[in-house]
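Here are my notes from a quick pass over this one. Have the viewer open as you read.

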Amino acid sequence: MNTDLLTGTRAVRKRLDLHRPVDDRDIRECLEIAVHAPSGSNRQPWRFVVVRDAELKQRIGEYYRKGFAANLSGRTPRPDQLADLASGQYLADHLGEVPVLILVCSLGRPPAEPSALRLAGFYGSVYPAVWNLQLALSARGLGSTLTTAHLTYEREVAELLGIPFEEATQVAMLPVAHLLPGGHKPVRRVPAAEITGWDGWQTPGDGGAAS
Ligand SMILES: Cc1cc2nc3c(=O)[nH]c(=O)nc-3n(C[C@H](O)[C@H](O)[C@H](O)COP(=O)(O)O)c2cc1C
C-alpha cells in the first residue's frame, strides 16, 4: 500500500488556487468516499453543504475572518507558530474567494450534559468522514484545510445556508481548491515512538515500557 497520501496530506492555505474552478463531479466523488468512514453504531450522522455561490462564500468569509480574529485575540504566539499564523491569516483574508467551501455537519446538537463517552460519540462519529474527504480531495490534486474558526458564528452561517440549527451541528468547514504550483513542506509531527506506551502509559523521555 502506498502510504504517501496518508503521510503527505496536510493543510493547504496559501497554495489554494483562487481562480481555477473546481469540478462538481470531483466534489461528488470525494463526498462518496467520505461517507465510507466509520461512525458510532453506523449512524452516519454527517451531512454536507457545498457552497459555490460567490455572495454566500463572501458572507461566510466575513464570519470566518471575525471568528479567526476573535480566536487569536489575547494570545501571544510562540516564534515557531508565526509561519502558521501568517498562513492562517492568509486563509482568513481569502476564504470567501476559495472556489468551493464544504460545510460538514452532524445531525443533532452536542450533548447538553457532556461526558467523555457522549462527546466521543458525537464528534468522533463525523471527524473520520472529514479526514476521508480531505484524503480523497488530496488524491485528486485538490487542497483543503480543516477549519473551525467560523463556528463562533455557527448560528449566523446556519441561517445563511438554511441549516436547521437545532437539528444539525456544523463541525468543520473545508475550503477546497486546486493546488498552485510549488512543493509541500514536510508534515511536522512528533514520532509515534516518542508518545506511545506499550502495556501502559509512557511519560515522554522515560524510554517506554518496551522497545
Ligand atoms: C479540530 C481542528 C480545527 C482546526 N481549525 C482550523 C482553523 O479554524 N483554521 C485553520 O486555518 N486551520 C485549522 N485547523 C488546521 C490545523 O491548524 C492543522 O491541521 C495543523 O496545524 C497541522 O498542520 P499541517 O496539516 O499543515 O501539518 C484545524 C484542525 C483541526 C484538527
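Before the points, a definition for the ring count: rings of Phe, Tyr and Trp (its six-membered ring) are taken as a pair if their centres lie within 6.5 Å, and a pair is called stacked when the planes are under 30 degrees apart. Keep in mind, too, that this is a predicted model.

1. Aromatic pairs. By that rule, the count comes to 3 aromatic pairs. One of them is Y64 with F68, at 6.2 Å centre to centre and with 20 degrees between the planes, hence listed as stacked. Both residues belong to helix 3, which covers residues 54-72. Y64 and F68 are 4 residues apart there, about one turn of the helix.

2. R10 puts a polar side-chain atom 2.8 Å from an oxygen atom of the ligand. For R189, a polar side-chain atom is 2.9 Å from a ligand oxygen. With T148 the backbone is involved: one of its N or O atoms lies 2.9 Å from an oxygen atom of the ligand.

3. How much of the ligand's accessible area does the protein cover? On its own the ligand has 630 Å², and the protein covers 65% of that. As for where the ligand sits, that is the largest pocket.

4. Backbone angles to look at. N42 has phi near 55 degrees, a positive value in a residue other than glycine. Q44 isn't a glycine either, and its phi is also positive, at about 50 degrees. N42 is in the loop that links helix 2 (24-34) to strand 1 (46-51), and Q44 is found in the loop between helix 2 and strand 1 as well.

How values were computed: Residues numbered from 1 in each chain as written. Predicted model: local features only at pLDDT ≥ 70, side-chain atom pairs only at ≥ 80, totals over all residues. Heavy atoms only, no water. Polar contact = N/O pair within 3.5 Å; in protein donor to acceptor, adjacent residues only side chain to side chain. Areas by Shrake-Rupley, 256 points an atom, 1.4 Å probe, with all protein chains shown as cover. 1 Å grid on protein atoms, 1.4 Å probe; cavity = no way out; pocket = protein on both sides within 12 Å on 5 of 7 lines; lining within 4 Å. Sits in = over half its atoms within 2 Å of the grid points. Phe/Tyr/Trp six-rings, centres within 6.5 Å; stacked < 30°, edge-to-face > 60°. Helix = DSSP H or I, 4+ residues; strand = E, 2+ residues; numbered from the N terminus.
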